[in-house]
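Here are my notes on this structure, point by point. Keep the picture open while you read.

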Amino acid sequence: MAKKKNKQLSIKEEVLFLLLKIGLIVFLFLVLFWGVFGIYRCKDQSMSPALKYGDLVVFYRLQKEYQISDVVVVKKEGTTQTRRIIAKAGDEVDITKEGLKINGYLQQEKEIYVETLPFVGGIDFPIKLKEKEYFVLGDCRSDAEDSRVYGAIKQNEIQGSVITFLRRRGF
């Protein structure tokens with residue numbers, strides 16, 4: 001009878017140990033996705049064709065230096081959105097009827113299929129970016145609310161750099 005009790009305790013201990021392992025894995029997963037990585041669901045077509053409505057974006061929160069053409073997750077005026085960095089600190093951005101000019105040079109962006117025009121009622125151009133400021137635009141420039149409307153963004157408004165995405169439509 002003593003052997004049977006030990007065996008039952010052993011099974012209970014194994015189950016508790018298994019639950020502890022599962023709890024630890026869930027805890028580590030939550031820490032990773034709260035502190036290191038983030039997930040965002042695209043809510044508009046402003047980054048089409050690169051990102052489309054419904055896509056899940058995984059971004060890296062710990063990056064603090066961003067490069068031109070990086071796709072980032074931005075939190076501006078209470079809304080979260082994905083945008084592409086087109087200029088950084090020290091650059092001068094001008095948008096005219098000719099198109100997008102950075103530091104006086106007309107830009108030819110291979111990922112962009114629509115004209116880049118200023119918004120009526122948006123910010124005044126040209127704009128010189130200060131330290132830790134970025135100018136961001138959506139890839140679908142006709143539909144995007146971006147730096148043409150609200151101006152340059154601060155580095156602390158960037159949530160992270162997009163590392164991958166998952167097409168998620170029709171679910």
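1. Start with the order of elements. Along the sequence, the protein chain reads α-β-β-β-β-β-β-β-β-β-α-β-β. That makes two helices and 11 strands. Bear in mind that this is a predicted model.

2. Next, the overall shape. The radius of gyration of the protein chain is 23 Å, while the globule rule gives 16 Å for 171 residues, so the chain is more spread out than a compact globule. The C-alpha trace spans about 90 × 40 × 25 Å along its principal axes. Of the 171 residues, 36% count as buried. The accessible surface is about 11200 Å². Carbon and sulfur atoms make up 58% of that surface.

3. Now the contacts along the chain. Take those between residues at least 6 apart in sequence. Of these, 59% join residues at least 24 apart.

4. Seven strands form an open sheet, in the order 1-2-11-3-4-9-10, with antiparallel pairing. Which strands stand at the edges? They are strand 1 (37–41) and strand 10 (153–154). Each has a single partner strand, so one side of each is left without a neighbour in the sheet.

5. Strand 1 is joined to strand 2 (residues 56–60) by five bridges, and the two run antiparallel. Here Gly38 has Phe59 in strand 2 as its bridge partner. Glu133 stands opposite Lys154 in strand 10.

6. In strand 1, Gly38 and Tyr40 are on the covered face. Phe37, Ile39 and Arg41 are on the uncovered one.

7. Turn to the aromatic rings. The count comes to three aromatic pairs. One of them is Phe37 with Tyr60: the ring centres are 5.8 Å apart and the planes are at 50°, so the pair is tilted. It links distant parts of the chain, with Phe37 in strand 1 and Tyr60 in strand 2, 23 residues apart. Phe37 is partly exposed, at 23% relative accessibility. Tyr60 is also partly exposed, at 29%.

8. Another aromatic pair is Tyr66 with Tyr134. This pair is edge-to-face, with 5.8 Å centre to centre and 85° between the planes. Tyr66 lies in the loop between strand 2 and strand 3 (71–76), and Tyr134 lies in strand 9, so the pair ties together parts that are 68 residues apart in sequence.

9. Two arginines lie over ring faces. Arg41 lies over the face of Tyr53, at 5.5 Å from the ring centre. Arg148 lies over the face of Phe119, at 4.3 Å from the ring centre.

10. Finish with Ile163, in strand 11 (residues 158–166). What does Ile163 touch, leaving aside residues up to four places away in sequence? The answer is Phe37, Val58, Phe59 and Tyr60. Phe37 and Tyr60 are the tilted pair from point 7. Ile163 has a relative accessible area of 49%, so Ile163 counts as partly exposed; the cut-off for exposed is over 50%. Glu115 is 48 residues from Ile163 along the chain, and their C-alpha atoms are separated by 27 Å.

Note on methods. Residues are numbered from 1 along each chain as its sequence is written. This is a predicted model: local features need pLDDT of at least 70, side-chain atom pairs count only at pLDDT 80 or more; totals for chains, interfaces and linings use all residues. Side-chain values use heavy atoms; hydrogens and water are left out. Two strands pair if DSSP finds at least two bridges between them. Helices (H or I, at least four residues) and strands (E, at least two) are DSSP runs, numbered from the N terminus. Buried means under 20% relative accessible area, exposed over 50%, partly exposed in between (1.4 Å probe, protein chains only). Rings of Phe, Tyr and Trp (its six-membered ring) pair if their centres lie within 6.5 Å; planes under 30 degrees apart count as stacked, over 60 as edge-to-face and the rest as tilted. A charge sits over a ring if NZ of Lys or CZ of Arg is within 6 Å of the ring centre and within 35 degrees of the ring normal. Contact means heavy atoms within 4.5 Å. The radius of gyration is taken over C-alpha atoms; the globule rule is 2.2 Å times the number of residues to the power 0.38. Accessible areas come from the Shrake-Rupley method with a 1.4 Å probe; for residues, only the protein chains shown count as cover.
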